[in-house]
Amino acid sequence: MKTAFSTDPLFLSHDTGPGHPERAARLSYTLEHLQSQDWFSSLDTKPAAACDLQWLYGIHDHELVARAQASCKNGLPYLDSPDVAISKESFDIALLAAGTVLSLADTVATGGADNAFALIRPPGHHAEHDTALGFCLFNNIAIAARYLQQHHGLEKIVVVDWDVHHGNGTQHLFEEDPSVFYISTHQYPHYPGTGSRSEEGLGAGKGTTLNCPMNAGAGDADFTAAFTEKIIPAIDNYRPDMILISAGFDAHRDDPLGAINLSTAHYAWMTERLMECADRHCEGRILSALEGGYDLRALADSVSTHIETLMHFDKTNTAT
């Protein structure tokens with residue numbers, strides 16, 4: 001498998017202030033760990049790239065974009081809510097995060113790589129159409145989903161979000177749109193309070209939202225059941241043209257912001273199951289982008305396991 005990878009030292013410049021869990025060390029520690037792996041040099045490393053505003057406007061209200069730019073330029077401490085800490089560089093870094101995912105989307109959609117992982121910050125899945133929320137300025141994965149449809153002509157996109165927090169922004173952006181199927185595993189009830197089992201989409205999008213809420217204390221067996229009984233059958237029935245992963249790693253048992261008990265190894269298992277789906281329906285195309293994950297060691301280990309699985313998945317050994 002050919003796996004593309006992208007990150008950039010500029011992502012460290014998004015300064016959230018002392019004590020904030022979404023800190024620059026998340027990327028620097030993880031990248032140092034990845035670079036120590038004997039397979040790291042085999043990744044197809046791609047440069048980061050800023051997002052053209054036209055693709056941002058395909059998902060977000062112009063007023064949010066203008067407000068974000070002005071707030072950062074003027075040195076305000078946060079955008080829209082106190083949990084979205086910003087610095088003067090944050091607007092440009094958020095554009096770089098979104099654009100880097102789009103650059104990798106180009107690579108995968110055109111066959112330049114089988115799959116890809118974006119080691120980026122700030123995360124994106126809480127960002128709504130007109131509001132920044134939950135450490136997120138712009139919704140990186142949602143922007144990529146629409147970009148793949150409009151720029152590459154893909155018709156049906158699956159977004160699988162395994163962050164411990166429900167991706168309210170991604171769900172709301174596409175809940176009336178049957179061309180994007182949003183699937184989430186998350187702790188519930190937990191921040192941001194959305195993601196109940198009854199939320200299945202609206203109007204024409206009814207049935208293309210699938211929430212698999214997890215009780216505090218849930219672990220590998222619970223996620224295995226959700227994947228085998230609900231998620232995999234739903235993807236097989238939908239038959240997407242590409243799978244996007246909102247890859248938060250804060251459902252790990254060591255993460256301080258959640259109470260889910262996933263093992264590091266289970267991220268490999270979930271990755272394998274999605275790769276099997278991608279092989280069946282969309283020529284193996286998967287694009288994964290970092291969301292949460294706040295214990296440095298658990299994050300680094302989980303990202304490493306995820307990427308190594310993307311690189312070395314054995315199509316001939318697809319046990320479910």
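These legends go with a set of close-up views of one predicted protein model.

In this predicted model, local features need pLDDT of at least 70 and side-chain atom pairs count only at pLDDT 80 or more, while totals for chains, interfaces and linings use all residues. Residues are numbered from 1 along each chain as its sequence is written, and side-chain values use heavy atoms, with hydrogens and water left out.

**View 1. The whole chain, before zooming in.** The protein chain has nine helices and eight strands; helices (H or I, at least four residues) and strands (E, at least two) are DSSP runs, numbered from the N terminus. Its C-alpha trace spans about 55 × 50 × 40 Å along the principal axes. A compact globule of 320 residues would have a radius of gyration near 20 Å, and the chain, at 18 Å, agrees with that; the radius is taken over C-alpha atoms, and the globule rule is 2.2 Å times the number of residues to the power 0.38. Of the 320 residues, 59% count as buried, where buried means under 20% relative accessible area, exposed over 50%, and partly exposed in between (1.4 Å probe, protein chains only). The chain exposes about 11,700 Å², with carbon and sulfur atoms supplying 49% of it; these areas come from the Shrake-Rupley method with a 1.4 Å probe, and for residues only the protein chains shown count as cover.

**View 2. The open sheet, strand by strand.** Eight strands line up in the order E2-E1-E3-E8-E7-E4-E5-E6, and the pairing is parallel. Two strands pair if DSSP finds at least two bridges between them. Strand E2 (44-45) and strand E6 (209-214) are the edge strands with a single partner each, so one side of each has no neighbour in the sheet. Elsewhere in the sheet, E3 (residues 115-118) and E8 (residues 286-290) run parallel and are joined by four bridges. Alanine 116 has leucine 287 in E8 as its bridge partner.

**View 3. Helix H9 lying across the sheet.** H9 (residues 296-312) lies across E1 (3-6), E3, E7 (242-247) and E8. It runs at about 165° to E3; axes are lines fitted to C-alpha atoms, for helices over the stretch in contact, and angles run from 0 to 180 degrees between N-to-C directions.

**View 4. Phe138 and the largest nonpolar core.** A nonpolar core is a set of buried Ala, Val, Leu, Ile, Met, Phe, Trp, Tyr and Cys residues joined through side-chain atoms within 4.5 Å. The largest one here has 100 residues, and Phe117, Phe138, Ile243 and Leu244 have the most contacts inside it. Helix H4 (residues 90-109) gives the most to this core, with 12 residues. Leaving aside neighbours within four places in sequence, phenylalanine 138 is in contact (heavy atoms within 4.5 Å) with a set of residues including Leu56, His60, Phe91, Pro123 and Ile143.

**View 5. Alanine 142, tucked into helix H5.** Alanine 142 lies in H5 (residues 140-152) and is buried, with a relative accessible area of 0%. Setting aside neighbours within four places in sequence, its contacts are Ile59, Leu173 and Phe174. Valine 159 is 17 residues from alanine 142 in sequence and 8.5 Å away in space, C-alpha to C-alpha.

View 6. Which residues are joined by cis peptide bonds? Another joins tyrosine 188 and proline 189, with omega about -5°, and proline 189 lies in the loop between E5 and E6. Phenylalanine 135, also in the loop between E3 and H5, has a positive phi of about 75° although it is not a glycine. Phenylalanine 135 counts as buried at 16% relative accessibility. Glutamate 283 likewise has a positive phi, about 55°, without being a glycine. Glutamate 283 is in the loop between H8 (264-281) and E8 and is exposed, with a relative accessible area of 67%.
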